[in-house]
Amino acid sequence: QVQLVESGGGLVQPGDSLTLSCVASGGTSSSYAMAWFRQAPGKDREFVAAISWSGSTTYYGDSVKGRFTVLKDRRTLYLDMNSLQPEDTATYYCAADEMNLGPTGEYSYWGQGTQVTVPV
């Protein structure tokens, strides 16, 4: 069983930057395809970014393109977030899978989430 632990969330001001991290432990694979999703109160879960097993392919949601960058080092996933806006306020979840699922796949493993708050 794979465990995912996110960190790095917090309260920041509009225009600030923040980096989230997610460490995968357990399981047998040396690397995983990984992704970030987010969910704001009262809203559906939204795809943010994903990166393939090898790290060679990345995907981004339309609302974060050009502002967020997803990076992976074997079992550690990062999300560099720049120019944060109030609409980025959400709980950010890390997800992983042995298969390259991209933006729409059903990831097998999920973290508990880390809160990012950008006040108006």
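**Entry one: before starting**
I am working with a predicted model. I kept that in mind for each entry below.

**Entry two: the disulfide**
I began by asking how many disulfides the structure holds. I found one. Its partners are Cys22 and Cys94, with an S to S distance of 2.0 Å. I then looked up where the two cysteines sit: Cys22 belongs to strand β3, which covers residues 18-26, and Cys94 belongs to strand β9, which covers residues 90-97. The two are 72 residues apart, so I noted that the pair links distant parts of the chain.

Next I checked the torsion about the S-S bond of Cys22 and Cys94. It comes out at about -75 degrees, so this disulfide is left-handed. Are the two cysteines buried or exposed? Cys22 has a relative accessibility of 0%, so I wrote it down as buried. Cys94 is also at 0% relative accessible area, and therefore buried.

I moved on to Arg45, which I found in the loop between β4 (33-39) and β5 (46-51). Its relative accessibility is 46%; exposed would need over 50%, so Arg45 counts as partly exposed.

Which residues does Arg45 touch, leaving aside its neighbours within four places in sequence? I listed Phe37, Arg38, Gln39 and Trp110 as its contacts.

Last, I looked at Arg45 and Thr58, which lie 13 residues apart along the chain. Their C-alpha atoms are separated by 19 Å.

Terms used: Residues are numbered from 1 along each chain as its sequence is written. This is a predicted model: local features need pLDDT of at least 70, side-chain atom pairs count only at pLDDT 80 or more; totals for chains, interfaces and linings use all residues. Side-chain values use heavy atoms; hydrogens and water are left out. A disulfide is a pair of cysteine sulfur atoms within 2.5 Å. Helices (H or I, at least four residues) and strands (E, at least two) are DSSP runs, numbered from the N terminus. Buried means under 20% relative accessible area, exposed over 50%, partly exposed in between (1.4 Å probe, protein chains only). Contact means heavy atoms within 4.5 Å.
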